[in-house]
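User: I have a protein open on my screen and would like to walk through it with you. Could we take it one piece at a time?
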Amino acid sequence: MCRPSFFEVTYAINPWMDPSVPVDLDLAMRQWEGLRDAYRALGHTVSFIEPVTGLPDMVFAANGALIVDGKVLAASFLAAERQPEGPAYTRWLAEADMFSEFGTTSTVNEGEGDFLDLDTVILAGTGFRTSRAAHGEAQEFFGKPVVSLQLIDPRFYHLDTAVAILGEHDIAYYPGAFSAGSNAVLRRMFPEAITVDEAEAATFSMNSVSDGRNVVIPVESVRFAAALRDRGYDPIPVELSEFRKSGGGPKCCTLELRW
């Protein structure tokens, strides 16, 4: 995680961002700390990268890399404002001395924003940020099948705003975020998946983090919480309203370190 010391909305690179709407930094800090504390209460270890002045979106740690089986694929951002984040995360991960190999892509990839790792496959989003070519490069680097999914609604600009990984082969998703062909792929791969409607997706319900039993979700995602309970999961609501001003939720603030 990255403390939101410099979090603000000074530019707009997705439909949720409006520089004319002020951010309450004190409230954002309390909300971020609430997310951190929720992870710790569930028994997870939380590591911290130091925030960098001038990088207000660095708090969205999920975008900083993709880490699978101890291998790190460094992020390469589309927006000029975010491009320095990739090297900052790569340096921090290299200094940790925990990972076996580092790789890059020749085209745009925005880390776990558009790559979601399951047990046997990686789901990959394209359409607004990460290029489809980067999907193939990720497959070659990790030696793991990568399934490309086409995003079509700019409000759901990253895959992690439209799909939530719940278990080894269990997901939830918002069908309206995807092309017809990608919806067909998701139905074929995950016939028992939880689906949510537009209103529930707009609460950033899909931007959730699961450990296989507990699912950290936005407090506003009430119907998704009920669906999770019906499926046998324990929803853990957190308040992150300030980060929604920049198009972020629990998953955006969380980079999962897998080794």
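User: Leaving aside its neighbours within four places in sequence, which residues is Leu 25 in contact with?
Analyst: Before I answer, please keep in mind that this is a predicted model. Once neighbours within four places in sequence are set aside, Leu 25 is in contact with Pro 4, Ser 5 and Phe 7.

User: Where is Leu 25 found, and is it buried, partly exposed or exposed?
Analyst: Leu 25 is found in helix 1, and with a relative accessibility of 31% it counts as partly exposed. Its C-alpha atom is 9.9 Å from that of Phe 243, although 218 residues separate Leu 25 and Phe 243 in sequence.

User: What about Glu 33, where is its place?
Analyst: Glu 33 also has its place in helix 1, which covers residues 25-41. Glu 33 is partly exposed, because its relative accessible area is 24%, and buried would mean under 20%. Between Glu 33 and Ser 208 there are 16 Å in space, C-alpha to C-alpha, and 175 residues in sequence.

User: Let's zoom out. How many helices and strands does the protein have?
Analyst: There are 7 helices and 12 strands in the protein. The radius of gyration is 17 Å, close to the 18 Å that the globule rule gives for 259 residues, so the protein is as compact as a globular protein of that length.

User: What share of the residues is buried?
Analyst: Of the 259 residues, 54% are buried. As for the accessible surface, it comes to about 10500 Å², and carbon and sulfur atoms account for 51% of that.

User: And the charges, how many positive and negative side chains are there?
Analyst: The protein has 21 positive side chains and 36 negative ones, and the centres of these two sets lie 3 Å apart.

User: Back to the inside. Which residues have the most contacts inside the largest nonpolar core?
Analyst: That core has 32 residues, and the ones with the most contacts inside it are Val 163, Leu 166, Ile 171, Phe 178 and Phe 224. Two or more residues each are given to this core by strand 7 (163-167), strand 8 (170-173), strand 11 (214-218) and helix 6 (222-231). Strand 7 provides the largest share, with 4 residues.

User: Can we pick one of them? Which residues does Val 163 contact, apart from its neighbours within four places in sequence?
Analyst: Apart from those neighbours, Val 163 is in contact with Leu 116, Leu 123, Ile 171, Ala 172, Tyr 173, Phe 178 and Met 206. There is also a second, separate core, which has 17 residues and includes Phe 60, Val 216, Val 238 and Leu 240.

User: Now Ile 67. Is it buried or exposed?
Analyst: Ile 67 counts as buried, because its relative accessibility is 0%. Ile 67 lies in strand 1, which runs over residues 65-68.

User: One last topic, backbone angles. What is phi of Asp 97, and what is phi of Phe 204?
Analyst: Phi of Asp 97 is near 55°, which is a positive value in a residue other than glycine. Phi of Phe 204 is near 65°, again a positive value in a residue other than glycine.

Technical notes. Residues are numbered from 1 along each chain as its sequence is written. This is a predicted model: local features need pLDDT of at least 70, side-chain atom pairs count only at pLDDT 80 or more; totals for chains, interfaces and linings use all residues. Side-chain values use heavy atoms; hydrogens and water are left out. Buried means under 20% relative accessible area, exposed over 50%, partly exposed in between (1.4 Å probe, protein chains only). The radius of gyration is taken over C-alpha atoms; the globule rule is 2.2 Å times the number of residues to the power 0.38. Accessible areas come from the Shrake-Rupley method with a 1.4 Å probe; for residues, only the protein chains shown count as cover. Lys and Arg count as positive and Asp and Glu as negative; His and the chain ends are not counted. The place of a charge is taken as NZ of Lys, CZ of Arg, CG of Asp or CD of Glu. A nonpolar core is a set of buried Ala, Val, Leu, Ile, Met, Phe, Trp, Tyr and Cys residues joined through side-chain atoms within 4.5 Å. Contact means heavy atoms within 4.5 Å.
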